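User: I'm new to reading protein structures and would like a close look at a single part of this one. Could you walk me through it in a friendly way?

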Amino acid sequence: MMEMNGKVCLVSGASSGIGKVTATALAKSGATVVGIARDSDRARAALDEIRRDSGNASVEFIFADLSLQSGVRQAAAEFRARHDRLHVLVAPLILGHGITGIDLPGLELVIHAELPNDRETLLHRSGRTGRAGRLGTAYTLITSHDDKSLAGIETLIKKSIPWLGPTLAEAVF
């Protein structure tokens, strides 16, 4: 498991499903985890469970509806009020709503939970890593249904994208 002590991670959908699994894995690795959730009751239950299962008290939630531009802006403002840096982003909607003026210096890793509908959006979101001459990494979780889109991205960037296989979680966490 990757050492994440001192790293701040933002995870959307952290109250259930893959978001909750991701938040738990990051918390187990020692990271400070900030989850974003719409449902406060579900988030409170997930918060207790993630803290218990990970043994890490540095887990918190922001309540916001990321389907609304105002919710994305509110979540970003609340995150900035609590933290001065972000290292790992598992919340592509924060970047996907056309928010300009949100600078994320020090962002080292972006994990896209789904392939965007167009290649330019993926490149824009991935480009948020490695600012100011620093290196960054972006992973995208895909299914076999994404093969054509992936091929289009490879054509656009003129590079072959390595397939890490189903053990990506082990490679990242």
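Where does Leu86 sit, and is Leu86 buried or exposed?

Analyst: Leu86 counts as buried, because its relative accessibility is 5%, under the 20% cut-off for that label. Keep in mind as you look that this is a predicted model. You will find Leu86 in the loop between H3 and S4. Now look for Val8: 78 residues separate Leu86 from Val8 along the chain, yet their C-alpha atoms are 5.2 Å apart.

His83 lies between helix H3 (69–82) and strand S4 (88–90), and Val8 is one of the residues it touches, along with Thr32, Val34 and Glu60, if we skip residues up to four places away in sequence. Is His83 buried or exposed? His83 counts as buried because its relative accessibility is 16%, again under 20%.

Next, let's step from the loop to the nonpolar cores. In soluble globular proteins, nonpolar side chains tend to be buried together. Here, the largest nonpolar core has 18 residues, and Val11, Leu26, Val33, Ile50 and Phe61 have the most contacts inside it. Two or more residues come from each of strand S1 (8–12), helix H1 (17–28), strand S2 (32–37), helix H2 (40–54), strand S3 (59–63) and S4. H2 gives the most, with 4 residues.

Beyond its neighbours within four places in sequence, Val11 is in contact with Gly19, Ala23, Leu26, Val33, Val34, Gly35, Ile36 and Val90.

Three of these partners, Gly19, Ala23 and Leu26, are also among the buried residues of H1, together with Lys20, Thr22, Thr24, Ala25 and Ala27. The buried residues of H1 pack against S1, S2, H2, S3 and S4. H1 has 12 residues and reaches 17 Å from its first C-alpha to its last, close to the expected 16 Å. After H1 comes Gly30, which has a positive phi, near 100°.

Notes
Residues numbered from 1 in each chain as written. Predicted model: local features only at pLDDT ≥ 70, side-chain atom pairs only at ≥ 80, totals over all residues. Heavy atoms only, no water. Buried < 20%, exposed > 50% of the residue type's maximum accessible area, 1.4 Å probe, protein only. Contact = heavy atoms within 4.5 Å. Core = buried A, V, L, I, M, F, W, Y, C linked by side-chain atoms within 4.5 Å. Expected span 1.5 Å × (residues − 1).
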